[in-house]
Amino acid sequence: MDLYKHRVEYYETDRMGITHHSNYIRWMEEARTNYFMVTGMDYREIEKKGYYSPVIRAEMQFLKTSTYEDVVTIDVQLAEYDNVKFAFDYVMTKEDGTVIFRGRSEHCFMTVEGRPVRVDRVMPEVAEIFRSHIPG
């Protein structure tokens, strides 16, 4: 899987010149949507079918800082999948190899009305991609 890269923009930093913590969850989303794209899942098509994937839990561990113009590589991996919920793990690293962040986000797919769905029943093609990427 290709690693996702993000260059820290000036507006993402605070008065101390350090990346503001609120940006990391956005970068998680950028990397996750890129993961969907490179694994063959089209999120727009999923939405056209009437399914959405909210974040239902997020954990973040800030280990080191990043600053303006740092290139942050984001390794996103599917960590768990049980036909209803799924989780991604994220490791963010600067170009010098310094790990600056670890995180996890948990999701499900749900209908517009807010009902969770079993992925294997409503989108078997997505379930197959998830199953093929789950560790172990």
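**From a hairpin to the whole sheet**

Modeller: Start with β4 and β5, which form a hairpin with 3 residues between them. In that turn, Asn 83 has a positive phi of about 80°. Keep in mind that this is a predicted model.

Colleague: Over how many bridges do β4 and β5 pair?

Modeller: They pair over 9 bridges, in the antiparallel sense. To pick one example, Asp 75 has Val 91 in β5 as its bridge partner.

Colleague: Which strand does β1 pair with?

Modeller: β1 pairs with β4, residues 71-81, over 4 bridges in the antiparallel sense. His 6 has Val 72 in β4 as its bridge partner, and Arg 7 stands opposite Val 71 in β4.

Colleague: How many residues of β4 are buried?

Modeller: 8 of its 11 residues are buried, so β4 counts as mostly covered.

Colleague: What about Thr 93, buried or exposed?

Modeller: Thr 93 is found in strand β5. Its relative accessibility is 19%, and the cut-off for buried is under 20%, so Thr 93 counts as buried. Leaving aside residues up to four places away in sequence, Thr 93 touches Val 71, Val 72, Thr 73, Thr 98, Val 99 and Ile 100.

Colleague: Which residues of α4 are buried?

Modeller: Val 126, Ala 127, Ile 129 and Phe 130 are buried in α4. Seen down the helix axis, the buried residues of α4 fall within an arc of 160°, so they line one face.

Colleague: Why would residues a few places apart point the same way?

Modeller: An α-helix has 3.6 residues a turn, so residues three or four places apart point the same way.

Colleague: What covers the buried residues of α4?

Modeller: The cover includes α1, α2, β4, β5 and α3 (119-122).

Colleague: Changing topic: how many salt bridges does the count come to?

Modeller: The count comes to 11. One of them joins the side chains of Glu 125 and Lys 49, at 2.8 Å from N to O. Glu 125 lies in helix α4 and Lys 49 in the loop between α2 (43-48) and β2 (51-52), so the pair ties together parts 76 residues apart in sequence.

Colleague: What about Arg 104 and Glu 80?

Modeller: Their side chains meet in a salt bridge too, at 2.6 Å from N to O. Arg 104 is in strand β6 and Glu 80 in strand β4, 24 residues apart. Glu 80 is partly exposed, with a relative accessible area of 42%.

Colleague: And which residues are linked in a network?

Modeller: Arg 57, Glu 59 and Glu 106 are linked in a network of salt bridges.

Colleague: Last topic, aromatics. How many pairs are there in the whole structure?

Modeller: A search finds 13 aromatic pairs. In one of them, the rings of Tyr 24 and Phe 62 have centres 5.3 Å apart and planes at 80°, so the pair is edge-to-face. Tyr 24 is in helix α1 and Phe 62 in strand β3, 38 residues apart. Tyr 24 counts as buried at 2% relative accessibility, whereas Phe 62 is partly exposed at 41%.

Colleague: Which rings are linked into a cluster?

Modeller: Ring pairs link Tyr 35, Phe 36, Tyr 43, Tyr 81, Phe 86, Phe 88, Phe 109 and Phe 130 into a cluster. Phe 130 is also one of the buried residues of α4.

Key. Residues are numbered from 1 along each chain as its sequence is written. This is a predicted model: local features need pLDDT of at least 70, side-chain atom pairs count only at pLDDT 80 or more; totals for chains, interfaces and linings use all residues. Side-chain values use heavy atoms; hydrogens and water are left out. Two strands pair if DSSP finds at least two bridges between them. Helices (H or I, at least four residues) and strands (E, at least two) are DSSP runs, numbered from the N terminus. Buried means under 20% relative accessible area, exposed over 50%, partly exposed in between (1.4 Å probe, protein chains only). Contact means heavy atoms within 4.5 Å. A salt bridge is a side-chain nitrogen of Lys or Arg within 4 Å of a carboxyl oxygen of Asp or Glu. The arc is that of the directions from the helix axis to the C-beta atoms. Rings of Phe, Tyr and Trp (its six-membered ring) pair if their centres lie within 6.5 Å; planes under 30 degrees apart count as stacked, over 60 as edge-to-face and the rest as tilted.
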